[in-house]
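Please open the structure in your viewer and keep the selection tool at hand.

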Amino acid sequence: GNKTMITTATADSALKTYYLPALTDQLNKSISPLLSRFRLTTADIAGKDIKKLVRHGINGGIGAGSETGDLPTPANNRYALFTGTLKNLYGTIEISDKAIRASATNDGAFVSLLNDEMKGILDSATFNFGRMLFGDGSGKLATIKSADGGVYHVDSVRNLAEGMLVNVYNAGGSIAATARSVEKVDYETKSITLSGANISSPTDYVLTLQGSRDYELTGLGAIFKDSGTIYGLSRDSNPWLKPTIKTEVGAITEMKLQEAIDELEERTGTKINFIVCSWGVRRALFNAMASLRTMEPMVLDGGFRALSFNGIPVVADRFCPEGTMYLLNTDDFAIHQLCDWQWLEGEDGKILHQIAGKPIYTATLVKYADLMCYRPGGQAMLSGIEEA
């Protein structure tokens with residue numbers, strides 16, 4: 001057949017027309033079962049902010065009466081204005097000039113080169129967005145508990161991966177080290193090794209992804225709190241913003257779980273349609289239910305597998321905090337976005353840019369979005385569950 005000469009221009013058009021739709025689909029649907037349950041919407045965007053009018057409570061203007069008596073006094077629905085800021089989410093690929101030239105006359109080699117890069121961007125997005133969904137927006141990955149030379153023992157390694165570049169903040173919030181590479185993650189001892197000089201007495205120091213502090217999604221960690229503010233409103237003045245939080249649950253049983261579901265439905269009228277928990281909690285629940293044989297397997301949209309608890313999917317997620325289970329009505333959540341994933345284009349309309357002074361081209365995917373839960377009071381969290 002005809003050979004097409006591969007240049008940065010053909011690479012550019014391949015990224016735009018061929019890769020973007022497929023990547024967008026995968027980034028929205030196959031990152032995690034939880035993310036794929038949330039609606040995507042471009043509504044309620046005002047500049048760099050999300051402004052959403054949310055109705056809460058019930059309308060008081062409904063009643064019963066005698067045939068000749070007064071009609072119920074009309075009462076207005078109660079509304080509150082939720083305000084959020086769009087977060088900037090990025091994914092970057094790098095292709096060397098040498099790789100482009102080496103595959104210049106070979107379409108197959110070039111396609112596999114781009115495919116590898118796309119897989120890389122998907123893997124890192126899967127890790128980062130999966131992690132952010134459970135975060136509190138602060139970007140905190142872990143807290144250092146103690147140090148043994150250059151080995152740092154942390155409270156949890158679930159948000160850490162080798163090759164990540166992290167910043168370290170002291171307990172007062174000042175920067176203690178920047179752009180340190182995570183050289184090694186030890187899951188057994190919950191410890192990591194960082195590049196660079198040893199950080200002295202780093203107890204209670206916090207690790208964040210470099211440059212991400214306070215710029216991350218408003219995840220479940222921010223929504224499941226019972227004090228402070230959310231979406232610009234005070235929880236103390238608006239108790240309906242407080243989710244049900246049960247701590248020190250201990251051994252999980254069918255009864256404890258059903259009670260929490262029933263209590264939410266009775267108190268708030270919400271119907272739980274999704275349960276997400278850590279792997280150890282799912283094993284514990286499976287053990288508790290094993291004798292009853294009531295946890296059927298089910299397949300969710302996006303091909304994810306789940307177990308069913310009385311018809312509600314139970315999904316384990318590696319980023320869910322240990323000993324924790326969230327009971328959610330996913331219809332109460334949406335991801336507000338300015339637009340879906342786009343390649344950042346230069347003034348010349350090109351996606352691939354040469355890094356100044358280097359024989360490397362990079363392309364950056366971007367999306368401006370944040371997660372919003374319209375009825376925080378209709379959700380529940382159980383923590384302190386004994387894992388199996």
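**First stop: Met295**

Select Met295, which touches Leu285, Phe286, Met289, Leu307, Ser308 and Val314 when residues up to four places away in sequence are not counted; contact means heavy atoms within 4.5 Å. This is a predicted model, in which local features need pLDDT of at least 70 and side-chain atom pairs count only at pLDDT 80 or more, while totals for chains, interfaces and linings use all residues. Residues are numbered from 1 along each chain as its sequence is written, and side-chain values use heavy atoms, with hydrogens and water left out.

Met295 lies in strand β16 (residues 295-299); strands (E, at least two residues) and helices (H or I, at least four) are DSSP runs numbered from the N terminus. Met295 is buried, because its relative accessibility is 9% (buried is under 20% relative accessible area, exposed over 50%, partly exposed in between, with a 1.4 Å probe and protein chains only).

**Second stop: two salt bridges**

Next, select Lys16 and Glu345, which form a salt bridge with their closest N and O atoms 3.9 Å apart; the term denotes a side-chain nitrogen of Lys or Arg within 4 Å of a carboxyl oxygen of Asp or Glu. The pair links distant parts of the chain, 329 residues apart: Lys16 is in helix α1 (residues 8-29), and Glu345 is in the loop between β21 (342-343) and β22 (353-354).

Then select Asp340 and Lys367, whose side chains meet in a salt bridge (3.5 Å, N to O). Is Lys367 buried or exposed? Lys367 counts as buried, at 5% relative accessibility, whereas Asp340 is partly exposed at 23%.
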